[in-house]
Amino acid sequence: MVKVAHVQLSSCCGCLVSLADTYEKLLDVLGAIDLVYSQTLADVKEVPDDVDIILLEGSVCLSDHHALETALACREKAKILVALGACAASGNITRFSRGGQMSKPVHDAFAPLTEVVKCDLAIPGCPPSPESIVAVITAALEGDMDYLEPYAELAKYGSEACGCDLIVKVINKSLCMGCGACAAACPTRAVSMECGRPAIDKEICIKCGACSVQCPRIRFPELIEKIE
Amino acid sequence: MDPFGSYKFAISARATDNQIRKKSQDGGIVSAAYIHGLESGLLDGVIVADKGEDFCAIPKVATTVDEVLSAAGTKYTTSPNLSVLKSAVREYGCDKVGFVGTPCQVQSIRKMLKYPIGYRHVPDKIALVMGIFCMENFPYNGLKTIIEEHCGIKMEDVAKTDIGKGKFWVYSKWGDVKTIKLKDTHPYEQHACHVCMDYTAELADISTGSVGSPDGWSTIFIRTAKGEAFYKAMEEAGVIEIKNIDDVKPGLGLVEKLANSKKENNGKERAHRKEIGLPLPY
Ligand SMILES: Cc1cc2nc3c(=O)[nH]c(=O)nc-3n(C[C@H](O)[C@H](O)[C@H](O)COP(=O)(O)OP(=O)(O)OC[C@H]3O[C@@H](n4cnc5c(N)ncnc54)[C@H](O)[C@@H]3O)c2cc1C
Ligand code: SF4
Ligand code: SF4
Ligand code: SF4
């Protein structure tokens, strides 16, 4: 059976809650895998060596050598390392951390996992929907690289997510046709549609990347065209 | 070139209900499907482009027949219909959502269904995806310029707009009918439309448009199993009147001609963008 581990660094556990939010689909997923490590779901103290898939949730606190070591170890132990959720993928709200907080006042630097170690897949979103997490795990189990390609790309190039991507990559490039998919995707309602174009409230944007990853005018994989 | 995308069969049809036909753009297929869905329980909420102030388009979740009827008819301006999808499921608590959109919006909802990153618990609530044919759309102020400057009708007085016979038509609430040649509307088109290769909403469950069928009738493509089941239910309930597509004039030939001309023209624009290094959706 495929060995899967869920590891958490600087995060809120929301991504794991999102995975658990799939009810019967989670059971399908858990039935198809061997969950070898999860702080919340399994009683194991160490991430074993040789894990097939590690889902790593959270950004890496560079002021905490434990966090850094965990990130490096996960890279070493995983065949497929997945940056699960926006904190791991693009930093998300932890981008705004500047230290000085109790109880760890010296922890001031947080980097997305994708900027610290090489990740194979990155799933944006705060949290990513349960459906998308299950779809990625299922595709990884089946080796469906076509489906996973956008996630592989985000792991390589996607660490600077922001609502401004809609402006820079879509509106400014004369590609926005005003579908509104970005606005509904935003978890903080930072995107509103004005005159058929997204308007971003930068004070509210947490840099989760959901809006731009949902836009069909940046990325539109061919497999979407297969309908039955 | 494949003009229509994949489909099971095509027909020509119109709503049997007079009231629907009076309020809708063509054969009232979208409104008839929505109303049938709401009344039979196949749908419990539908996304429409409602008429806002001064003939602007406002996406809305409709749950009643009256709401569907008052949103019937084409608005030739962007209506970000996906922007209210999540609210249909969350705020309205809908389990069986009907959607309508231009071909690009249908592509967008298909992407959401395959890659639902920011759409928790939405994908399994989408019961029907309807698409409307589309050559191009206009930003609101583009439409306003056409209607106010070229046709001399105030936006607040517009009752209906239409495209047909090479012209853009404006009907006022007071009975005026004004037209402008379609080619004179080109400068006001939304530029993002010029990379679009889809005329007949190729990824919808059911697509419909006026072209190909006589006035007051609609051309319909049934594309998916879901679309076929919904269409059969409408047919059995007698909410649409049907004609064989091969028996109507001008027929599918004209749809094919227009679909191919869109693909050709916009294919050139895409090649040009590539040449000068501008991005395209990939
Ligand atoms: C921009 C645009 C361009 C079009 N171009 C063509 C064309 O070239 N050839 C052709 O045959 N048909 C075209 N159509 C489709 C046509 O005008 C009718 O909408 C279609 O035939 C459905 O008519 P109906 O009587 O079945 O629907 P109705 O019962 O009138 O219902 C139409 C539904 O569409 C929704 N709607 C209206 N405007 C919009 C919008 N802008 N965006 C999303 N949803 C909307 C309404 O809320 C309503 O629910 C176009 C439509 C649009 C919006
Ligand atoms: S605008 Fe919203 S969806 Fe986009 S990155 Fe910011 S918070 Fe995320
Ligand atoms: S999802 Fe993309 S195309 Fe659609 S409105 Fe947003 S930016 Fe525009
Ligand atoms: S031409 Fe294409 S991009 Fe423009 S509104 Fe129609 S379907 Fe959308």
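Lys160(B) is partly exposed, with a relative accessible area of 27%. In this predicted model, Lys160(B) sits in strand 6 of chain B, which covers residues 158-164.

Who are its contacts? Leaving aside residues up to four places away in sequence, Lys160(B) touches Ser24(B), Gln25(B), Phe55(B), Trp169(B), Val170(B) and Tyr171(B). With Gln25(B) there is some polar detail to look at: a polar atom of the Lys160(B) side chain lies 3.1 Å from the backbone oxygen of Gln25(B).

## Chain B as a whole

Step back and chain B shows 8 helices and 11 strands. Its radius of gyration is 18 Å, close to the 19 Å that the globule rule gives for 282 residues, so chain B is as compact as a globular protein of that length. Along the principal axes, its C-alpha atoms fill a box of roughly 50 × 45 × 40 Å.

Of the 282 residues in chain B, 55% are buried. Looking at contacts in chain B with a separation of 6 or more, 66% are between residues 24 or more positions apart.

## Where the two chains meet

Chain A brings 47 residues to the contact, and chain B brings 40 residues. Together the chains bury about 3,800 Å², with 58% of that on carbon and sulfur atoms. Three residues stand out on the chain A side: Gln214(A), Arg217(A) and Ile227(A) supply 17% of the area that chain A buries against chain B, more than any other three residues.

As for polar links, 28 residue pairs are in polar contact between chain A and chain B. There are also 2 salt bridges across the interface. One of them joins Asp21(A) to Arg120(B), with the closest N and O atoms 2.6 Å apart. By type, the chain A residues that touch chain B split into 27 nonpolar, 8 polar and 12 charged.

## A buried histidine in chain A

Now for His6(A), which is part of strand 1 (residues 2-8) of chain A. Is it buried or exposed? His6(A) has a relative accessible area of 3%, so it counts as buried.

The side chain of His6(A) makes a polar contact with the side chain of Glu57(A), at 2.9 Å. Beyond residues up to four places away in sequence, His6(A) touches a set of residues including Leu16(A), Tyr37(A), Leu55(A) and Leu84(A).

Most residues other than glycine have a negative phi, and most peptide bonds are trans. Here are some spots to check against that. Met102(A) and Ser103(A) are joined by a cis peptide bond, with omega about 5°; Ser103(A) is in the loop between helix 4 (86-90) and strand 6 (110-111) of chain A. Another cis peptide bond links Lys249(B) to Pro250(B), where omega is about 0°. Pro250(B) falls in the loop between strand 11 (240-244) and helix 8 (252-275) of chain B.

Asp50(A) is not a glycine, yet it has a positive phi of about 45°. Asp50(A) belongs to the loop between strand 2 (33-38) and strand 3 (51-57) of chain A, and it is exposed at 61% relative accessibility. Over in chain B, Lys165(B) also has a positive phi, near 55°. Its place is the loop between strand 6 and strand 7 (167-172), and Lys165(B) is exposed, with a relative accessible area of 67%.

Note on methods. Residues numbered from 1 in each chain as written. Chains lettered and ligands numbered in written order. Predicted model: local features only at pLDDT ≥ 70, side-chain atom pairs only at ≥ 80, totals over all residues. Heavy atoms only, no water. Contact = heavy atoms within 4.5 Å. Buried area = accessible area lost by both parts, 1.4 Å probe. Salt bridge = Lys/Arg side-chain N within 4 Å of Asp/Glu carboxyl O. Polar contact = N/O pair within 3.5 Å; in protein donor to acceptor, adjacent residues only side chain to side chain. Nonpolar A, V, L, I, M, F, W, Y, C, P; charged D, E, K, R; others polar. Helix = DSSP H or I, 4+ residues; strand = E, 2+ residues; numbered from the N terminus. Rg over C-alpha atoms; globule rule 2.2 N^0.38 Å. Buried < 20%, exposed > 50% of the residue type's maximum accessible area, 1.4 Å probe, protein only.
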